[in-house]
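Try each task yourself before you read its solution.

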Amino acid sequence: MIITQNVFLIGPVGAGKSTIGRQLSNELKLDFVDSDREIEQRCGVDIDWIFDIEGEEGFRRREQEVLSDLAKRQGIVLATGGGAILLPENRTLLSSRGKVVYLQASVEQQLERTAKDKKRPLLQVDDKEAQLKKLMAEREPLYREIADITIETSETTVRNVVQKITNLLMEEAV
């Protein structure tokens, strides 16, 4: 059985969307796209620069454009940014154009995985843990709202997560 539909990975910062997405795309023989990298390529600047100049609102507009373009493609694994689900239009788009996989991660895991990362504008604060908890409180219901599949990533390997997602997608395709 071959998966030909799009697979959209959603979840918080540090959940492993890009890392898992690359391996999942290899496993499913689909193209991999990272929406944040796509935004940077189109703009010619880093996301943190976009946040500095245009603010989060400007970034979200750019993100919406890119997601709209990417979702028109067929047969991709797309790693979205953690806040991609904030706009209702994005949630509708992702839900209607493929399978949405919510990669869950604990705040502790997010802290560990982003400890040395200086390229995440929303985490350039004094109290990262409080910020991650705030973001999770806002976003968790939205992730759950559109998820077709939910996978916990905290206590397992990338390989195991990819295998679980693959198995669930195959079951649904039958």
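**Exercise 1.** Find out which residues of H3 are buried, and what covers them.

*Solution.* Keep in mind that this is a predicted model. Start by going along H3: the buried residues include Ile47, Ile50 and Phe51, then Gly58, Phe59, Arg60 and Glu63, and finally Val66, Leu67, Leu70 and Ala71. Next, look at the surroundings. Among the elements covering these residues are strands S1, S2 and S3, along with helices H2, H4 and H6.

**Exercise 2.** Work out how the end-to-end span of H3 compares with that of a straight helix.

*Solution.* First, count: H3 runs over residues 47-71, which is 25 residues. At 1.5 Å a residue, a straight helix would reach 36 Å. Now check the end C-alpha atoms, which are only 20 Å apart. Then look at Glu54, where H3 bends by about 115 degrees.

**Exercise 3.** Decide whether Ile146 is buried or exposed, and list what it touches.

*Solution.* Begin by locating Ile146 in helix H6. Its relative accessibility is 7%, and buried means under 20%, so Ile146 counts as buried. Beyond four places in sequence, Ile146 touches Ile10, Ile85, Arg91, Leu94, Ser95 and Val100. Take Leu94: it lies 52 residues from Ile146 in sequence, yet their C-alpha atoms are 8.0 Å apart.

**Exercise 4.** Which residues touch the most other members of the largest nonpolar core, and which element supplies its largest share?

*Solution.* The core has 24 residues, and Ile10 and Leu78 touch the most other members. S1, H3, S3, H4, S4 and H6 each give at least two residues. H3 supplies the largest share, with eight.

How values were computed. Residues are numbered from 1 along each chain as its sequence is written. This is a predicted model: local features need pLDDT of at least 70, side-chain atom pairs count only at pLDDT 80 or more; totals for chains, interfaces and linings use all residues. Side-chain values use heavy atoms; hydrogens and water are left out. Helices (H or I, at least four residues) and strands (E, at least two) are DSSP runs, numbered from the N terminus. The expected span of a helix is 1.5 Å times one less than its number of residues. The bend at a residue is the angle between axes fitted to the seven residues ending there and the seven starting there. Buried means under 20% relative accessible area, exposed over 50%, partly exposed in between (1.4 Å probe, protein chains only). Contact means heavy atoms within 4.5 Å. A nonpolar core is a set of buried Ala, Val, Leu, Ile, Met, Phe, Trp, Tyr and Cys residues joined through side-chain atoms within 4.5 Å.
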